[in-house]
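Trainee: Could you walk me through this model, piece by piece? I'd like to ask about the sheets, the cores and a few single residues.

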Amino acid sequence: MNPSTAFATVLVDELARCGLAEAVVAPGSRNAPLAIALWEHAERSAGRLRLHVRIDERSAAFLALGLAKVSRRPVAVVCTSGTAAAHFHAAVIEADEAAVPLLVLTADRPPELRGTGANQTIDQLKLYGDAVRWFCEVGVPEARPGMNAYWRSLACRAWASASGAAGTAPGPVHLNLPLREPLVPDIAPGSAHTNLPLREPPVPDIAPGSAHTNLPLSEPPDSDTEGAGGPGVGEPGAAPAGEAGGWPEPLAGRPGGEPWTVIGRTTVPPVLELPWTERGVVICGDGSADPAALLRLAGEAGWPVLAEPSSGARAGPGALAAYPYLLDSPEFVAAHAPDLIVSSGRPGLSRGQLAYLKTASPSGAAPRHVVVAQAPGRWADPARTATEVAAAARLAGPVPSGGTGWLASWLAADEAAATAAAGILGADDTLSEPRLARDLAAALPDGALLWAASSLLIRDLDQQMTPRAGVTVLANRGASGIDGLISSACGAALAHQRAGGGPAVALLGDLAFLHDAPGLFAGPDEPRPDLVLVVVNNDGGGIFSLLEQAAFPGPFERVFGTPHRGAPAQVAAAAGLSATILDRASGLAGALRGDGQRPGAGIRVVEVRTSRAAGTALRGRLRAACTAAAGQAARAPTRPAS
């Protein structure tokens with residue numbers, strides 16, 4: 001067994017022992033040892049390890065991100081050397097910001113080929129900078145004693161660092177893997193496999209102190225998509241026998257399939273105890289830690305919950321549907337200054353929400369602001385108003401009996417604003433973007449997954465989505481990029497449905513859809529989710545119409561509006577996917593069911609054509625009516641909650 005094959009086989013075996021269940025490969029030549037080892041292990045693992053292949057590295061990385069975001073366990077993503085590794089960077093940044101566990105495995109040329117002009121060779125050392133929890137230049141595999149323990153302990157440390165078991169927040173880990181040829185398993189004499197790719201010249205052995213410097217400085221050119229020979233690995237879950245195969249030591253792992261090193265947290269984080277105060281508010285942003293505990297705290301204390309759609313906390317009697325409109329009402333905010341704010345996740349979806357974090361208490365002083373950390377050492381404080389950071393929080397004592405008018409006043413204003421919005425959106429059968437967001441969130445069955453794009457559409461959800469349990473809402477809100485949203489949604493849907501979840505829907509804008517069009521394409525043997533992509537096509541970037549850039553009509557349309565004249569349904573057809581165009585609100589349920597489309601599970605596209613100008617005008621009317629309703633509710637007397 002050659003060193004590259006031995007290393008890849010051992011690494012994959014040990015990661016599987018740690019719990020690796022999903023791996024994504026972007027095809028290439030230099031990463032062939034890992035691709036073959038993953039394929040072999042997936043073939044023989046009885047479904048315990050599932051392999052995905054994507055031709056585009058950016059799509060591959062975001063597919064892995066979606067898989068890991070739902071499963072909450074590290075997912076491996078593998079690529080060849082050169083610019084392929086650079087295409088992972090956007091997903092690595094999102095995984096870092098959102099604390100999503102990824103194992104980023106980049107194949108590399110060996111050291112003697114770096115800096116020589118060799119093909120597909122760049123500087124991959126610490127390529128992702130501080131965006132990873134841990135980086136390791138693994139070293140070129142060598143056939144010498146001690147490698148098995150090194151490779152296996154390395155895999156365990158990488159798994160622990162990515163998963164958060166090492167005591168840090170989950171996130172990406174980067175292993176850079178320099179590999180020498182041969183890159184495929186050894187082929188026995190007489191084998192029919194004779195079309196072998198060109199190999200690098202062998203590296204001569206150098207004795208200690210030798211002055212020999214005649215090392216090869218280049219290699220024959222190869223192609224990133226050239227074929228690889230068949231696998232030569234052992235039984236499922238087992239590494240090669242070792243010495244019997246010409247290796248200087250056994251390569252087996254621990255008995256019973258156990259990891260080489262078990263790494264776990266040794267301390268339980270303390271819980272901050274909060275004395276009750278009437279004027280408390282719980283604000284939950286994307287990625288909130290333990291949403292159930294936050295909802296329990298708010299319910300016991302009688303505090304309103306201002307929860308973004310992807311926080312996991314937009315449910316229960318204290319969660320508000322139209323809170324962004326309440327926070328946009330100066331009259332309402334003036335009457336509802338908090339004494340205590342408990343925030344979690346990454347709040348900041350609206351300017352009103354950020355401004356409320358800076359609101360003075362009724363005494364004129366800054367309110368107490370407790371931030372519940374997302375993970376050890378990771379918390380969000382975008383307004384820089386946090387007075388304390390805690391791993392968790394709970395009430396220190398009983399709540400006075402009889403109730404107060406605090407929560408009731410929030411609920412009354414929320415109902416008034418939501419009623420005003422419903423009156424405008426339900427006036428006819430027009431399928432506007434805000435109505436689509438509202439109706440889509442309400443139409444999904446319990447157990448469904450809703451993936452939302454990170455720009456305007458998730459803000460429509462934030463303003464219009466009625467709180468409900470039973471639907472998981474996710475988004476790439478770590479860095480809030482436009483990158484890889486189709487692939488992320490596919491990964492999330494695959495993991496969701498592998499765990500027994502129901503149907504999945506992604507709500508995307510046209511620019512996000514076109515930006516990740518390669519994510520629509522997958523080979524015939526790839527696992528496919530049951531996923532509906534609902535694409536709002538307003539021919540450009542709708543969010544800019546709501547920002548200050550809209551005040552500059554000269555450059556606006558070309559530079560910010562960016563019309564593209566594209567047709568998402570035609571792009572879907574090019575990928576062999578079923579697509580339909582939805583033009584009225586009453587047709588949404590049928591479109592989600594797939595009425596009129598080809599039967600069978602898989603990815604389907606529903607294109608919704610809207611007008612940016614009409615959407616901007618509608619949102620203006622909604623804001624005026626709903627903030628006025630909230631202000632009027634603030635003036636009305638409210639009864640204490642019973």
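**A guided look**

Mentor: The accessible surface of the protein comes to about 26100 Å², and 55% of that belongs to carbon and sulfur atoms (areas come from the Shrake-Rupley method with a 1.4 Å probe; for residues, only the protein chains shown count as cover). Before we go on: this is a predicted model, where local features need pLDDT of at least 70 and side-chain atom pairs count only at pLDDT 80 or more, while totals for chains, interfaces and linings use all residues. Residues are numbered from 1 along each chain as its sequence is written, and side-chain values use heavy atoms, with hydrogens and water left out.

Trainee: What share of the residues in the protein is buried?

Mentor: Buried means under 20% relative accessible area, exposed over 50%, and partly exposed in between, with a 1.4 Å probe and protein chains only. Taken over the 642 residues in the protein, the buried share is 52%.

Trainee: And how many helices and strands does the protein have?

Mentor: Helices here are DSSP runs of H or I with at least four residues, strands are runs of E with at least two, and both are numbered from the N terminus. Counted that way, the secondary structure comes to 19 helices and 19 strands.

Trainee: Which strands stand at the edges of the five-stranded sheet?

Mentor: The order in this open sheet is β9-β8-β10-β11-β12, with parallel pairing. An edge strand has a single partner, so one side of it is left without a neighbour in the sheet; here those are β9 (305–307) and β12 (388–390).

Trainee: Now the six-stranded sheet: what angle does the direction of α13 make with that of β16?

Mentor: That open sheet has parallel pairing and the order β15-β14-β16-β17-β19-β18. Its edge strands are β15 (471–474) and β18 (578–582), and neighbouring strands are turned by 20 degrees against each other on average, direction ignored. Axes are lines fitted to C-alpha atoms, for helices over the stretch in contact, and angles run from 0 to 180 degrees between N-to-C directions. Helix α13 packs on the sheet, touching β14 (448–452), β16 and β17, and its angle with β16 is about 115 degrees.

Trainee: How many residues of α13 are buried?

Mentor: The buried ones are Leu 456, Leu 457, Ile 458, Asp 460, Leu 461, Asp 462 and Gln 464. Helix α13 (residues 456–464) is largely enclosed by the rest of the structure, because the buried count is seven of the nine.

Trainee: Which residue of β19 is the bridge partner of Leu 531?

Mentor: Seven bridges join β17 to β19, and the two run parallel. Strand β19 (residues 603–609) has six of its seven residues buried. The partner of Leu 531 is Ile 603.

Trainee: Which residues touch the most other members of the largest nonpolar core?

Mentor: A nonpolar core is a set of buried Ala, Val, Leu, Ile, Met, Phe, Trp, Tyr and Cys residues joined through side-chain atoms within 4.5 Å. The largest has 53 residues, and those touching the most other members are Val 24, Phe 88, Leu 102, Leu 531 and Leu 533.

Trainee: Last one: is Arg 54 buried or exposed?

Mentor: Arg 54 lies in the loop between β2 (50–53) and α3 (57–71). Leaving out residues up to four places away in sequence, its contacts (heavy atoms within 4.5 Å) include Val 25, Leu 63, Phe 521 and Pro 527. With a relative accessible area of 7%, Arg 54 is buried.

Technical notes
Pairing = 2+ DSSP bridges.
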